[in-house]
Amino acid sequence: MNQQLIEKIVGEVLGQLEKAEALPPNDLIPIAVSARHVHLSLNHVEALFGKGYELTVRTELSQPGQFASNETVVIAGPKGSIERVRILGPARSMTQAEISWTDAMKLGVNPPIRESGDIEGSEAITIIGPKGSLFLEQGLIIAQAHIHMSPKDAARFGVQNGEYVTVETDGIRPIAYRQVKIRVSERYRLEMHIDTDEANASLITKGAFGHLVKFQGNLNVQQETSASVTKSKVDIPYIYPKKLLSRDDVKELNMKEIILEKGTIITALARDTARELGISVSFRK
Ligand SMILES: [Zn+2]
């Protein structure tokens, strides 16, 4: 292995270690992907499956009391239909179907992005079961991305019910989900819910996590901090003597310009931090 390659690997490993240190597990939000599904009222369960029919539990969902049922339905719009759409139980007061924009194009419909339960004036949908079918004037939505959390978690993150936050993902296609609604209840377990289109945008798979970024408040504090660092930065080039430049080194040095000796390893996080703080880092010619 040549020297350059070794340095590159060492740099990457150190970068990963820095990252692991930088992200305490309690700033993470578990992400769960909601595939298309329907919620049915008791009346509509009977209309689709027959009088007296009760949904049967296939799997318990992460939110307490919620389950995916063994039963499925077909949903249809003017341009097409989708089979085997899972019913989530228990039965609710209102029937509602949640689909992705990809599904909407297949059905030929134009549902609004809404919070679950808010179906007033939403899109029409046809639901077909083994014993009957329903045409609903409204009830079809694309679910607004949201985070379920307990009051305890809300206090920990410094957020309130109904507030919107941003959640960023890492990984091979990192993205930021904006306008993610916070939903607080004693009954909730900490989890972010996104649809399949949103998940695919960041190549999210099972067990993924996001980082909660709060726009009001938190960000201002961050900006103030970096501004104050910028102000007091020392204005002469600094020749860095060591073999490795880490993020902490960049922060501690507090220089406008850092010049590295040939062969010095700079971690990816150090490079990012320098860029954020407006510090130029270059190698000695
Ligand atoms: Zn949810």
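User: Why is valine 13 called partly exposed?

Analyst: In this predicted model, valine 13 has a relative accessible area of 46%, and because the label applies between the limit of 20% for buried and that of 50% for exposed, valine 13 counts as partly exposed. The residue lies in helix α1, which spans residues 3–22.

User: What makes Leu5, Ile9 and Val13 a nonpolar patch on the surface?

Analyst: Members of a patch need over 30% relative accessible area and no salt bridge, and nonpolar side chains are joined within 5 Å. Valine 13, with its 46%, passes the area requirement, and together Leu5, Ile9 and Val13 have about 230 Å² of accessible area.

User: Which residues coordinate the zinc ion, and how do you know that they are donors?

Analyst: The zinc ion is coordinated by His146 through NE2, His148 through NE2 and His193 through ND1, at 2.0 to 2.1 Å. Water is not among the atoms, so the site may look incomplete.

User: How are the donor residues of the zinc ion spaced in sequence, and what makes the pair of histidine 148 and histidine 193 a link between distant parts of the chain?

Analyst: The spacing of the donors is H-x1-H-x44-H. Histidine 148 belongs to strand β10 (residues 146–149) and histidine 193 to strand β13 (residues 191–195), and the two lie 45 residues apart.

User: Are histidine 148 and histidine 193 buried or exposed, and how do you know?

Analyst: The limit for buried is under 20% relative accessible area. Histidine 148 has 6% and is therefore buried, and histidine 193, with 14%, is likewise buried.

User: Why is histidine 37 called buried, and what does its side chain make a polar contact with?

Analyst: Histidine 37 has a relative accessible area of 7%, and because buried means under 20%, the label follows. Histidine 37 lies in strand β2, residues 37–39, and its side chain makes a polar contact with the side chain of histidine 39 at 3.2 Å, a distance to be set against the limit of 3.5 Å for such a pair of N or O atoms. Leaving aside residues up to four places away in sequence, histidine 37 touches Val85, Arg86, Leu88, Gln96, Ala97 and Glu98.

User: Where is the cis peptide bond, and what is its omega?

Analyst: The cis bond joins glycine 89 and proline 90, with omega at about 0°. Proline 90 lies in the loop between β5 (81–89) and β6 (96–98).

User: How many helices and strands does the protein have, and what share of its residues count as buried?

Analyst: The protein has eight helices and 19 strands, and 41% of its 285 residues count as buried. Among contacts between residues at least 6 apart in sequence, 60% join residues at least 24 apart. The accessible surface comes to about 16300 Å², of which 54% belongs to carbon and sulfur atoms.

Note on methods
Residues numbered from 1 in each chain as written. Predicted model: local features only at pLDDT ≥ 70, side-chain atom pairs only at ≥ 80, totals over all residues. Heavy atoms only, no water. Donors = N, O, S within 2.8 Å, 3.2 Å for Na, K, Ca; no water. Helix = DSSP H or I, 4+ residues; strand = E, 2+ residues; numbered from the N terminus. Buried < 20%, exposed > 50% of the residue type's maximum accessible area, 1.4 Å probe, protein only. Patch = residues over 30% accessible without salt bridge, like charges linked within 9 Å, V, L, I, M, F, W, Y side chains within 5 Å. Areas by Shrake-Rupley, 256 points an atom, 1.4 Å probe, with all protein chains shown as cover. Salt bridge = Lys/Arg side-chain N within 4 Å of Asp/Glu carboxyl O. Polar contact = N/O pair within 3.5 Å; in protein donor to acceptor, adjacent residues only side chain to side chain. Contact = heavy atoms within 4.5 Å.
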